[in-house]
Amino acid sequence: MDPSIAYRTAESLLVDFPSPWVHSRRVLEQARYLSSALGADADLLAVAAVLHDVGYASAAVDTGQHTIDGARHLSRLDAEPQVCSLVAHHSSSEWEAAELGLSAERAAFRRPPSELVDAITYCDLTSGPDGAEVAPASRLDEVLKRYGPDHVVHRTVAAARPTQLAMVERVEKRLTESGLS
């Protein structure tokens, strides 16, 4: 999918969801920042970045787990399998899918290469809900605050936190090695 088509698709799906749309635009900016370190995968990451939260759109809701719902919806729109997979596997999706009993649904989307999962997670965790660039630990703290301790998102983000921060560290190391940071 062309990045401009992905942008318009995300915008049309998230128009009634201002926070995910503002956040998704920042995630796209973060993906663009990583583009020179990603080479041939830069457009793929940009497309997945702007579309990563479309599973929150009412047109996409199926299971209630936004990463799976977004990937399924994009698949129905004939998005490339790699884009769907990045959406299905970003951030704490593995933990949330397991807790919700949706691991098989998530596994229907082949796990992308680790460096791409790291990259989209980096983009997500360095983007606040208001569109500001944020520190990853602060972003995770904000999510934990927004969802109470009894909520599945709170539990899974807390469990995934060390792994997610390790993903961010790998991307930051890659940026340093490529002279971007």
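Helix axes are lines fitted to C-alpha atoms over the stretch in contact, and angles run from 0 to 180 degrees between N-to-C directions. The model is predicted: local features need pLDDT of at least 70, side-chain atom pairs count only at pLDDT 80 or more, and totals for chains, interfaces and linings use all residues. Residues are numbered from 1 along each chain as its sequence is written, and side-chain values use heavy atoms, with hydrogens and water left out.

**View 1. Packing of helix H1 (residues 3-14) on helix H2 (residues 18-38).** The two axes lie 9 Å apart at an angle of about 160°. H1 is therefore roughly antiparallel to H2 (an angle over 145 degrees). Helices are DSSP runs of H or I with at least four residues, numbered from the N terminus.

**View 2. Residues in the contact of H1 with H2.** H1 contributes Tyr7, Ala10, Glu11 and Leu14, and H2 contributes Pro18, Pro20, Trp21, Ser24, Arg25 and Leu28 (contact: heavy atoms within 4.5 Å). Seven of these residues are nonpolar, one is polar and two are charged (nonpolar: Ala, Val, Leu, Ile, Met, Phe, Trp, Tyr, Cys and Pro; charged: Asp, Glu, Lys and Arg; polar: the others, Gly among them).

**View 3. The largest cavity and its lining.** A cavity is a set of points on a 1 Å grid over the protein atoms alone where a 1.4 Å probe fits but cannot get out; lining residues have an atom within 4 Å of a point. The structure holds one cavity of 30 Å³ or more, and the largest cavity contains about 50 Å³ of space (volume: the space filled by probe spheres set on the points, which are joined across faces, edges and corners). Leu34, Ala37, Leu38, Ala119, Val171, Arg174 and Leu175 line the largest cavity. H2 and helix H10 (152-177) each supply at least two residues of this lining.

Definitions and conventions: Angles under 35 degrees count as roughly parallel, over 145 as roughly antiparallel, 65 to 115 as roughly perpendicular and the rest as oblique. On a 1 Å grid over the protein atoms alone, a cavity is a set of points where a 1.4 Å probe fits but cannot get out, and a pocket is an open set with protein on both sides within 12 Å along at least five of seven lines; lining residues have an atom within 4 Å of a point.
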